[in-house]
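Trainee: I would like to go through this structure and ask what stands behind each label. Please set each value against its definition.

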Amino acid sequence: MLPEELRTKFAAMIAGAESPREKAIDVMFEIQDIYGWMSDEAMQDVASLLGMSPLELDELATFYDFIYRSPVGKYVIHVCDSAMCWLDGQHQRVLDYISSRVNVPLGGTSPDGLFTLLPVCCIGYCDRAPAMMINKRVYGRLTPEKIDRILDKIIHENEYPERE
Ligand code: FES
């Protein structure tokens, strides 16, 4: 599945590591940056480069909230569901509001492929709870107004992409 150029690049990364397995997450993240998720074919290719079985690699991947084993939207909204974000029922309010805004249930992807909504363990914004992460950016002190601003911007940018 992986083109030769990527195989060569990953083989070099892995060769430079003390143990091939320590590069497993880095390689999977790089593949996700390109393809958006880790397909079974990609898992097999990476496992073989790492000298692991696909099952071993899959078990490792399932520990990470940010390794996607099925296709996701262009923007993955991870809503924190850890303790501080649960206080005062904030988590459920935020989750319900986002879900209604993007019209996606938790675990789902919008029909236009723009948004996926997923839970995540603490993302280090406990002092700014409730928090969420969209792709690699973290947002805290979420209110319906702030969520609207964030989502409206994303939707607008995708409806009217800048012309080069
Ligand atoms: S508990 Fe939500 S960011 Fe830490």
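Mentor: From the N terminus on, the elements of the protein chain run α-α-α-α-β-α-α-β-β-β-α. That comes to seven helices and four strands, where helices (H or I, at least four residues) and strands (E, at least two) are DSSP runs numbered from the N terminus. This is a predicted model, in which local features need pLDDT of at least 70 and side-chain atom pairs count only at pLDDT 80 or more, while totals for chains, interfaces and linings use all residues. Residues are numbered from 1 along each chain as its sequence is written.

Trainee: Which residues is Leu57 in contact with, leaving aside its neighbours within four places in sequence?

Mentor: Two residues are in contact if their C-beta atoms, placed from the backbone, lie within 7 Å. On that basis Leu57 is in contact with Ala24, Met43, Val46, Ala47, Leu50 and Met52, once neighbours within four places in sequence are set aside. Leu57 and Ile25 are 32 residues apart in sequence and 9.3 Å apart in space, C-alpha to C-alpha. For the protein chain, residues 24 or more positions apart account for 57% of the contacts with a separation of 6 or more.

Trainee: Why are helices H2 and H3 called roughly antiparallel?

Mentor: Helix H2 (residues 24-35) and helix H3 (residues 40-50) pack at an angle of about 150°, with their axes 11 Å apart. Axes are lines fitted to C-alpha atoms, for helices over the stretch in contact, and angles run from 0 to 180 degrees between N-to-C directions. Angles under 35 degrees count as roughly parallel, over 145 as roughly antiparallel, 65 to 115 as roughly perpendicular and the rest as oblique. H2 and H3 are therefore roughly antiparallel to each other. The contact is made by Ala24, Val27, Met28, Ile31 and Tyr35 of H2 and by Ala42, Val46 and Leu50 of H3.

Trainee: How many nonpolar, polar and charged residues does the contact of H2 with H3 have?

Mentor: Ala, Val, Leu, Ile, Met, Phe, Trp, Tyr, Cys and Pro count as nonpolar, Asp, Glu, Lys and Arg as charged, and the others, Gly among them, as polar. By those classes the contact of H2 with H3 has eight nonpolar, no polar and no charged residues.

Trainee: What is the order of the four strands in the open sheet, and which are the edge strands?

Mentor: Two strands pair if DSSP finds at least two bridges between them. The order is E2-E1-E3-E4, with mixed pairing. E2 and E4 are the edge strands, since each pairs on one side only. From one strand to the next the twist averages 25°.

Trainee: What makes E1 mostly covered?

Mentor: Six of its six residues are buried. In a regular strand the side chains alternate between the two faces of the sheet. Tyr75, Ile77 and Val79 are buried on one side of E1, and Val76, His78 and Cys80 on the other. Helix H6 (residues 90-102) lies across strand E1 (75-80), E2 and E3, running at about 160° to E1.

Trainee: Are Asn135 and Arg141 buried or exposed?

Mentor: Asn135, in the loop between E3 and strand E4 (137-139), has 11 C-beta neighbours inside 10 Å and so counts as exposed. Arg141, in the loop between E4 and helix H7 (144-159), has 12 other C-beta atoms within 10 Å and is therefore exposed. Phi is near 50° in Asn135, and Phi of Arg141 is near 50°.

How values were computed: Buried ≥ 20, exposed ≤ 12 C-beta atoms within 10 Å, placed from the backbone.
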